[in-house]
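Here is a friendly note to read alongside the picture. Take a moment to look the model over, then work through the points below.

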Amino acid sequence: MSDILIVDDEQDIRELISDILRDEGYETRMTGTSDGAMSEIRANPPSLLILDIWLKDSDMDGIDILKQVKIQYPQVPVVIISGHGNIEIAVAAIKQGAYDFIEKPFNIDQLLVVISRAMETSRLRKENRDLKSKDQPSFDLVGEGTVFKTFLAQVEKVTNSNARLMLTGPSGCGKEVIARHIHQMSNRADGPFVVLNCASVAADHMEDILYGKVEASGQVQPGLFARAEGGILFFDEVADLPLETQSKLLRVLVDQTYTPVGATEKRKADFRIISSSAKNLKTAIAEKTFREELFHRLSVIPLEVPSLEERREDIPDLADYFVARLSEAQGYEKREFSSEAVTVLQAMKWPGNIRQLKNLVERVLSMGTGRGEIDPSEFPSEDGLDHVAQSSALNGRLVTLPLREAREEFEREYLITQINRFGRNISKTANFVGMERSALHRKLKSLGISTSGRLTETE
């Protein structure tokens, strides 16, 4: 961006500055009054503001405008110019947040140097904010299973919408990864992606963090609303927002404006909100811990992110992906899972979802044999992943049953496990267990395993 707004009550001065800057390749706008300045800034915040201290026939002088700009648009650098300059005015302007101060009549070379430095500083600050806002790892979307493909088709429909989105699903299923994907694919991709972990901030600090605040010096410490401008603000576990904050956030969503703490001027809320929750928000509403009106405002588009147990078809691809990523990042030897290990992974329970799978892969790579295929014997037995214990428990039950009943229970458990493993795809299940599809259907029926409306027949 190279848009510069020039505010000076002397027409020949502002036109002179404009001509000089346009010769240098900058785009400029001009106005001679405080009302005109604030109108131009609100319509389209400039990359840089050149501001005269004294403005005839205006309600505000340059210092007043500077204060408002620093509150409402802290990312816009301001260069003050004045024909009546002295050290007191210069110090006052710098204390209020001005980038620099130039006296009239000004030296053209000096003006160009100051402007160049101010815009470079602004650019570097923006890049720094964006890098900090994106410091969380963003994994690729991995998976070719039917459940995940269906979910991604829903995601693609909402990427370029500005409607507020609510992502629900159990912890560890990848809600933030989905939100980052939506940001990267949206028309706000050039803007920041800012995350608020709602459970990590004390209630008495929430307003300062969201809205920003005016410090004792008069400068504005920007909040997350300002940092997310032009991009996406992600509320991670929104159910943990304090009730008082919920009511104030609701007002922001209704008015589409907010006011930094200690300020008086309102600022436009130009960001998209994506929220997530592992908790049942309707239960929270019934328990009076979450405001129903806020739920409806945030959940304009609701999306349920599938758990890993619903995506068992994707477990081999996800496991291989984490091996490749962790090997590259941590220097582990790149290994492959044996076919038996893949089968065991798909049969396990995954209460921690994708996060739990990633942790398992990392433990295996860091503490395993370090060579050859990854065998099930290398899997840890804690965290609900004790497949050996599960098998032992099953065997313990079987030995108490007559042979026919034991065989039926084994077949029932085995087939349910395989059906879930292959995403309830009957063709893939039949192929793996070595049965014709019609024979498998008969076997499932005889074992009392319902197939109505839940299994697919595709190859």
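1. Let's start with a pair: D314 and R311 meet through their side chains in a salt bridge, 3.0 Å from N to O. The term means a side-chain nitrogen of Lys or Arg within 4 Å of a carboxyl oxygen of Asp or Glu. D314 is buried at 1% relative accessibility, and R311 is buried at 4%. Here buried means under 20% relative accessible area, exposed over 50%, and partly exposed in between (1.4 Å probe, protein chains only).

2. A word on the source: this is a predicted model, where local features need pLDDT of at least 70 and side-chain atom pairs count only at pLDDT 80 or more, while totals for chains, interfaces and linings use all residues. Residues are numbered from 1 along each chain as its sequence is written, and side-chain values use heavy atoms, leaving out hydrogens and water.

3. Next, look at R180 and E176, whose closest N and O atoms are 3.1 Å apart in a salt bridge. Both sit in helix α7 (residues 175-185), four residues apart, so about one helical turn separates them. Helices are DSSP runs (H or I, at least four residues), numbered from the N terminus. R180 is buried at 4%, whereas E176 is partly exposed at 22%.

4. E411 and K443 also form a salt bridge (3.3 Å, N to O). E411 belongs to helix α17 (residues 403-421) and K443 to helix α19 (residues 437-446), so the pair ties together parts 32 residues apart in sequence.

5. To finish, find D3, R29 and E40, which are linked in a network of salt bridges. The count for the model is 18 salt bridges.

Methods. Helices (H or I, at least four residues) and strands (E, at least two) are DSSP runs, numbered from the N terminus.
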